[in-house]
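Visitor: Hi, I'd like a quick tour of this one. Can you walk me through it?

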Amino acid sequence: MEKMTVEKLPVTKDIAGAKRWTEEKGEFVQISHQEEIRHLALFEIRKGFFRGSHYHRKKEEVFYIARGRIRARFVDTETDEREESILEEGDKIRIEPLCGHILEGVEDSIVVEYSPQFYDIEDNYRIEL
């Protein structure tokens, strides 16, 4: 689907850019590299619960799965193309405007969300997925 991209962050500290690694002191994740961020959030999705079921006309969203596993369903609101993915710790997903999405906790999960646009409640359109 053109309106969303899933990326597995590489497990290394030896490259420039987004990456993650674990060392004796704990995990370090550079989720974003050289991106403008005007909205930043961290949220939990408990197993069996959902977040989303909407799309935005202006806002691009990026989600990073910090802990757990989620089932993500998407629909391109212009073409009705649909896709489903299981996302797990270390996955980063970029969702473009006009891509409906809903996230379901397969396990208790922690997700970081950011966007180059600020959050505008008026740019939030409900959709059934």
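Guide: Let's start with a charge and a ring. This is a predicted model. In it, the charged end of arginine 57 sits over the ring of tyrosine 125. The distance to the ring centre is 4.2 Å.

Visitor: How many aromatic pairs are there in the whole structure?

Guide: A search of the whole structure finds three. Tyrosine 125 is in one of them, paired with tyrosine 55.

Visitor: How are those two rings arranged?

Guide: They are stacked. The centres are 5.3 Å apart, and the planes make an angle of 25 degrees. Stacked needs planes under 30 degrees apart.

Visitor: Which parts does the pair tie together?

Guide: Tyrosine 55 is in strand 5, residues 50-55, and tyrosine 125 is in strand 12, residues 125-126. So the pair links parts that are 70 residues apart in sequence.

Visitor: Is tyrosine 55 buried or exposed?

Guide: Tyrosine 55 is buried, with a relative accessible area of 14%. Tyrosine 125 is partly exposed, at 25%.

Visitor: New topic. What's in the largest nonpolar core?

Guide: That core has 15 residues. Those with the most contacts inside it are Met4, Phe63, Phe74, Ile93, Ile95 and Leu103.

Visitor: Which strands give two or more residues to it?

Guide: Strands 4 (39-45), 6 (61-67), 7 (69-76), 9 (91-95) and 10 (99-105) do. Strand 7 gives the most, with three residues.

Visitor: And what does isoleucine 93 touch?

Guide: Leaving out residues up to four places away in sequence, isoleucine 93 touches Met4, Thr5, Val6, Glu61, Val62, Phe63, Phe74 and Leu87. One of those, Val62, belongs to a second, separate core of eight residues. That second core also includes Ala66, Val112 and Tyr114.

Visitor: Which lining residues are closest to its centre?

Guide: Phe43, Gly52, His54, Glu61 and Glu113. They are among the 15 residues that line the largest pocket.

Visitor: Which strand gives the most to that lining?

Guide: Strand 5, with four residues. Strands 4, 5, 6 and 10 each supply at least two.

Visitor: Let's look at alanine 41. Where does it lie?

Guide: Alanine 41 is in strand 4. It is partly exposed, at 22% relative accessible area.

Visitor: What does alanine 41 touch?

Guide: Val111, Val112 and Glu113, not counting residues up to four places away in sequence. Alanine 41 and valine 111 are 70 residues apart in sequence. In space they are 8.3 Å apart, C-alpha to C-alpha.

Visitor: And valine 29, what is it in contact with?

Guide: Apart from neighbours within four places in sequence, valine 29 contacts Leu9, Lys19, Arg20 and Tyr64. Valine 29 is in strand 3, residues 26-30. It counts as partly exposed, at 24% relative accessibility.

Visitor: Last one. What is the phi of glutamine 34?

Guide: Positive, about 60 degrees, although glutamine 34 is not a glycine. Most residues other than glycine have a negative phi. Glutamine 34 is in the loop between strand 3 and strand 4. At 76% relative accessibility, glutamine 34 is exposed.

Visitor: What about leucine 98 and its phi?

Guide: Leucine 98 has a positive phi too, of about 70 degrees. Leucine 98 is in the loop between strand 9 and strand 10. It is partly exposed, with a relative accessible area of 22%.

Definitions and conventions. Residues are numbered from 1 along each chain as its sequence is written. This is a predicted model: local features need pLDDT of at least 70, side-chain atom pairs count only at pLDDT 80 or more; totals for chains, interfaces and linings use all residues. Side-chain values use heavy atoms; hydrogens and water are left out. Rings of Phe, Tyr and Trp (its six-membered ring) pair if their centres lie within 6.5 Å; planes under 30 degrees apart count as stacked, over 60 as edge-to-face and the rest as tilted. Buried means under 20% relative accessible area, exposed over 50%, partly exposed in between (1.4 Å probe, protein chains only). A charge sits over a ring if NZ of Lys or CZ of Arg is within 6 Å of the ring centre and within 35 degrees of the ring normal. A nonpolar core is a set of buried Ala, Val, Leu, Ile, Met, Phe, Trp, Tyr and Cys residues joined through side-chain atoms within 4.5 Å. Contact means heavy atoms within 4.5 Å. On a 1 Å grid over the protein atoms alone, a cavity is a set of points where a 1.4 Å probe fits but cannot get out, and a pocket is an open set with protein on both sides within 12 Å along at least five of seven lines; lining residues have an atom within 4 Å of a point.
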